[in-house]
Amino acid sequence: MKTKGNVRMKKSIATLATISKIALGLAALLALPLAGCGKKADSNEILIGEYGALTGSIASFGQSTHKGITLAIEEINASGGVLGKKIRLVTEDDQGKPEEALTAVTKLISKDRVSALLGEFASSNSLAAAPMAQSSGIPMVSHGSTNPKVTQVGDYIFRVCFIDPFQGQVMAKFAHNSLKLGHVAILRDVKSDYSVGLADYFTQNFVAAGGAIAGDESYSAGDKDFNAQLTSLIAKKPEALFIPGYYTEVGLIARQARRLGFTGALLGGDGWDSEKLWEIGGDALNNGYFSNHYSVDNPAPEIRAFVEKFKAHNQGEAPDALAALGYDATRVLVDAIRRAGSDKPSAIRDALAQTKDFPGITGNITLNAQRDAVKSAVVLEVKDGKFLYKETVAP
Ligand code: PHE
């Protein structure tokens with residue numbers, strides 16, 4: 001009875017979908033396969049969907065990525081496009097929220113009918129949207145999501161960045177071997193899969209190297225007052241604080257830690273990488289170190305050329321890691337379309353899985369059997385508003 005009713009309902013939605021725009025929207029939300037709806041690509045273009053935070057508390061990440069993606073697409077289209085077609089980018093703002101990320105990806109797939117997706121950077125947002133890409137058979141390339149679970153969603157999900165077990169190891173080794181630290185306390189964002197994972201990987205590696213974790217406290221993204229957690233951590237006399245969060249909270253945490261008299265090192269991961277970090281935290285961030293995907297000061301000629309091009313396109317603004325990762329993700333995806341000889345999503349997926357030694361700005365990109373990139377990381381020092389290059393760590 002129930003089954004019959006469902007079948008009848010699905011049928012009637014399918015019928016309505018052909019005649020009514022409202023039903024189209026509803027069916028799209030239910031992710032039913034629809035024929036001929038939305039602003040489909042015309043025959044001489046290939047649609048790529050981008051989703052990310054263009055507004056909200058991590059908007060700096062989304063703005064940077066968008067600039068990197070659009071630069072890559074402009075260049076590709078200027079040199080004739082791919083398979084004789086131009087790339088058209090459709091961008092959705094998810095405000096940095098997981099539920100909005102899912103809505104954005106559902107719309108890009110069901111309404112715009114994109115051939116592939118670029119996004120997200122924040123791991124929790126990728127994790128919210130990736131199951132929709134996977135179940136719809138649309139390949140998704142994350143530029144910056146480093147939590148291992150992201151590509152574990154399925155065989156349509158890829159990333160062009162390294163993952164957090166490696167990033168945690170990089171910072172643990174740097175803390176232990178380069179800074180010669182023995183006691184580090186952790187302050188993690190429990191709302192973020194990225195932050196929780198990176199805190200755990202740092203802990204494992206730091207303890208394995210002979211270090212000790214002096215304390216481990218948490219906060220939730222959006223918090224403004226960290227005095228209670230910091231007071232309790234500082235009382236344990238750590239030599240450094242490891243804060244694997246995003247720049248908005250990290251800036252505030254740095255200020256409050258210094259106000260409480262903490263003079264030790266502050267350590268973090270790629271989530272620190274924004275010019276907004278210094279605007280929020282100021283000189284409280286000196287004696288700060290974080291791991292990242294590339295250094296804008298790298299003297300390699302191809303990186304200098306990218307930095308100059310990017311600046312020329314963006315009123316002198318220097319590209320941060322997400323700008324470089326957005327650029328790389330786009331070029332890896334278009335390279336896969338070219339090698340596939342087709343813009344069919346399943347063919348793009350198969351070609352993406354074969355990505356080997358692609359020369360990226362953030363390093364050479366080879367996608368392994370887990371669809372992750374295996375690449376070097378850099379460690380940067382925060383010094384008077386600049387991010388100074390310290391070292392490169394190979395996987
Ligand atoms: N790695 C972060 C995450 O997984 C996102 C990020 C990437 C932030 C690169 C800054 C730079 O959530």
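How many cavities of 30 Å³ or more does a search of the whole structure find? The search finds one. The model is predicted, with local features needing pLDDT of at least 70 and side-chain atom pairs counting only at pLDDT 80 or more, while totals for chains, interfaces and linings use all residues. Residues are numbered from 1 along each chain as its sequence is written, and side-chain values use heavy atoms, with hydrogens and water left out.

A cavity here is a set of points, on a 1 Å grid over the protein atoms alone, where a 1.4 Å probe fits but cannot get out. A pocket is an open set with protein on both sides within 12 Å along at least five of seven lines, and lining residues have an atom within 4 Å of a point. Grid points are joined across faces, edges and corners, and a volume is the space filled by probe spheres set on the points.

The largest cavity holds about 160 Å³ of space. Its lining has 17 residues, and Phe61, Gly144, Asp270, Gly271 and Leu322 lie nearest the centre. Helix H13 (residues 321–340) gives the largest share of this lining, three residues; helices (H or I, at least four residues) and strands (E, at least two) are DSSP runs, numbered from the N terminus. By class, the lining of the largest cavity has eight nonpolar, six polar and three charged residues. In this count Ala, Val, Leu, Ile, Met, Phe, Trp, Tyr, Cys and Pro are nonpolar, Asp, Glu, Lys and Arg are charged, and the others, Gly among them, are polar. The largest cavity lies between domain 1 (45–162 + 300–375) and domain 2 (165–292), because both give residues to its lining. The domain bounds come from an automatic or database domain assignment.

Next comes the ligand. Ser123, Gly144, Thr146, Tyr246 and Asp270 come nearest among the 13 residues around the ligand, where a residue is near if one of its heavy atoms lies within 4 Å. A polar backbone atom of Phe121 is 3.5 Å from an oxygen atom of the ligand.

The largest pocket has a volume of about 610 Å³. Of its 32 lining residues, Ser274, Glu275, Ala318, Asp320 and Phe387 lie nearest its centre. Helix H3 (59–78) supplies the largest share, five residues, and helix H11 (276–281), helix H12 (301–313), S13 and S14 are among the elements that each supply at least two. The lining of the largest pocket divides into 13 nonpolar, nine polar and 10 charged residues. Since domain 1 and domain 2 both contribute to the lining, the largest pocket lies between them.

The second largest pocket contains about 320 Å³ of space. It is lined by 17 residues, of which Ile58, Gly96, Pro98, Ala221 and Tyr246 are the closest to its centre. Helix H5 (123–136) and helix H10 (247–259) give two or more residues each to this lining. The second largest pocket, too, has lining residues from domain 1 and domain 2, so it lies between them.

Strands S13 and S14 remain. Strand S13 (residues 377–383) pairs with strand S14 (residues 386–393) in the antiparallel sense over seven bridges; pairing requires that DSSP finds at least two bridges between two strands. Val378 stands opposite Thr392 in S14. The two strands form a hairpin with two residues between them, and Asp384 in the turn has a positive phi of about 45°.

Conventions: Polar contact = N/O pair within 3.5 Å; in protein donor to acceptor, adjacent residues only side chain to side chain.
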